[in-house]
Amino acid sequence: MSKYSRKLQKLHETAPKENTAVLVSIIRQYQTEQETEEHLDELAFLTETLGAKTVYRFTQRMEKPDIKTFVGSGKLEEIISYVTHFEVDMVIFDDDLSPSQMRNLENELKVKIYDRSLLILDIFLNRAQTAQGKTQVELARFQYLLPRLTRMWTHLERQRGGTTTRGGSGEKEIETDKRDIRNRISLLKEKLREIEKQGETQRKGRKGIVRVAVVGYTNVGKSTLMNLITKTDILAENKLFATVDSTVRKVVLENVPFLLSDTVGFIRKLPTHLIESFKSTLDEIREADLLVHVVDISHPHFEDHIAVVTQTLNEIKAGDKPVLLVFNKIDLVETMPSEEESMQMTELELEEANYLDFDSLSDAYEKKTGIKPVFMAAASGLNVEGFRQALISEVKKQHRKIYPHYLEDEVVTWTEEEK
């Protein structure tokens with residue numbers, strides 16, 4: 001062996017190893033395989049947002065999860081074999097696991113276990129920037145982990161010794177960890193109360209001005225739209241939960257001032273405890289006069305996303321507010337062809353093309369919300385003026401409720417004869 005070869009043997013890889021993950025989901029009786037794949041695509045996107053690479057997906061058709069290990073024993077053996085052979089770092093489940101399921105699975109798989117809630121919480125923890133956002137996420141994460149502490153967090157039993165303590169194995173380290181977490185939860189709650197008091201004071205100072213909140217499913221372009229209106233530089237990425245913290249900006253359009261707030265994106269199976277922890281952030285939605293609901297119309301299941309957001313708004317008691325629906329990313333979809341173009345196509349071609357009829361969509365959702373939807377592409381600037389006009393029109397309606405005589409539809413002109 002040459003001297004050069006011996007030197008190469010001594011070199012070590014210094015680049016950080018990318019974590020790998022396998023995804024696990026059960027297919028319920030009412031669920032199609034296509035829906036399961038769409039859900040797993042979203043879970044894979046969440047996994048990528050956390051910084052891990054999905055290497056395989058496991059599914060099993062079951063009426064309900066196994067009470068001990070979520071999946072059946074045969075499927076669990078498959079997962080164990082794959083994880084062991086390919087040295088996978090983590091296993092991620094598309095549903096929430098009970099504390100006992102998490103403990104059992106970790107004992108069997110010998111790797112880190114994530115369920116959907118813990119995955120979202122860790123993403124939020126990485127994304128939060130403000131003191132309020134970080135405190136809210138940390139509190140939610142500790143509250144979720146407390147009943148789920150396993151050897152993933154502690155491995156040894158704490159031994160007590162010396163003349164001033166009793167003999168025996170002593171207190172398990174996991175009990176000490178639980179006590180530490182409870183203390184941490186108490187401190188975070190107190191810190192959050194102080195932050196929320198400051199937030200309430202700020203919101204009280206905003207009375208007398210129209211408040212608009214941008215809502216929608218995660219990764220639909222809310223931050224891009226916010227940047228467009230406010231001329232600011234809020235983080236906008238093609239990742240789920242690119243924005244976690246609420247951002248409020250003052251905007252003036254046609255001499256009418258209003259406050260515009262960007263909020264955390266909603267998602268299917270958004271953890272209830274996370275919604276509760278984000279109370280003050282969601283207050284921006286609850287206390288808004290108008291909601292701008294942004295929808296990614298290019299997503300094949302955008303109507304399901306609308307339903308998820310609508311349901312979440314109802315859950316946080318904000319479902320009765322006026323909503324301006326904005327169908328974003330229209331540059332990524334095929335629109336209905338003209339009559340002349342349609343006549344040159346077969347019925348099968350028309351069906352397979354999966355065209356979107358904007359007129360029919362507009363009529364259907366205008367009946368639901370009472371406000372005509374807007375179709376645009378925020379990233380490319382398509383129909384920005386149409387959105388601007390629709391927004392100012394709805395803001396003016398809300399402004400008139402606060403200041404009935406501030407904006408008049410008719411301008412009285414005095415003439416010499418009237419004098």
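Visitor: Of the contacts between residues at least 6 apart in sequence, what percentage joins residues at least 24 apart?
Guide: In the protein chain, 69% of them do; a contact here means heavy atoms within 4.5 Å. This is a predicted model, where local features need pLDDT of at least 70 and side-chain atom pairs count only at pLDDT 80 or more, while totals for chains, interfaces and linings use all residues. Residues are numbered from 1 along each chain as its sequence is written, and side-chain values use heavy atoms, with hydrogens and water left out.

Visitor: What is the mean pLDDT?
Guide: The mean is 79, and 73% of the residues reach 70 or more; pLDDT is the predictor's confidence in each residue, from 0 to 100.

Visitor: Where does it stay under 50?
Guide: Residues 153-171 are one such stretch, with 28 contacts beyond four places in sequence in the model. Residues 234-244 are also below 50, and that stretch has 49 contacts beyond near neighbours in sequence.

Visitor: How many helices and strands are there?
Guide: The chain has 15 helices and ten strands, taken as DSSP runs (helices H or I, at least four residues; strands E, at least two) numbered from the N terminus.

Visitor: Why call helix 8 largely enclosed?
Guide: Helix 8 covers residues 222-230, and seven of its nine residues are buried, so the rest of the structure largely encloses it. Buried means under 20% relative accessible area, with a 1.4 Å probe and protein chains only.

Visitor: Which residues are buried there?
Guide: Lys-222, Ser-223, Leu-225, Met-226, Asn-227, Ile-229 and Thr-230.

Visitor: And what do they pack against?
Guide: Strand 5 (210-216), strand 6 (247-253), strand 7, strand 8 (290-296) and helix 15 (384-402). Just after helix 8, Lys-231 has a positive phi of about 60°.

Visitor: Thr-263 next. Buried or exposed?
Guide: Thr-263 counts as buried because its relative accessibility is 1%. Thr-263 sits in the loop between strand 7 (256-262) and helix 9 (272-277). Its C-alpha is 6.1 Å from that of Val-215, although the two are 48 residues apart in sequence.

Visitor: Which residues meet?
Guide: From helix 2, they include Leu-43, Leu-46 and Leu-50; from helix 5, Leu-119, Ile-120 and Ile-123 are among them.

Methods. Buried < 20%, exposed > 50% of the residue type's maximum accessible area, 1.4 Å probe, protein only.
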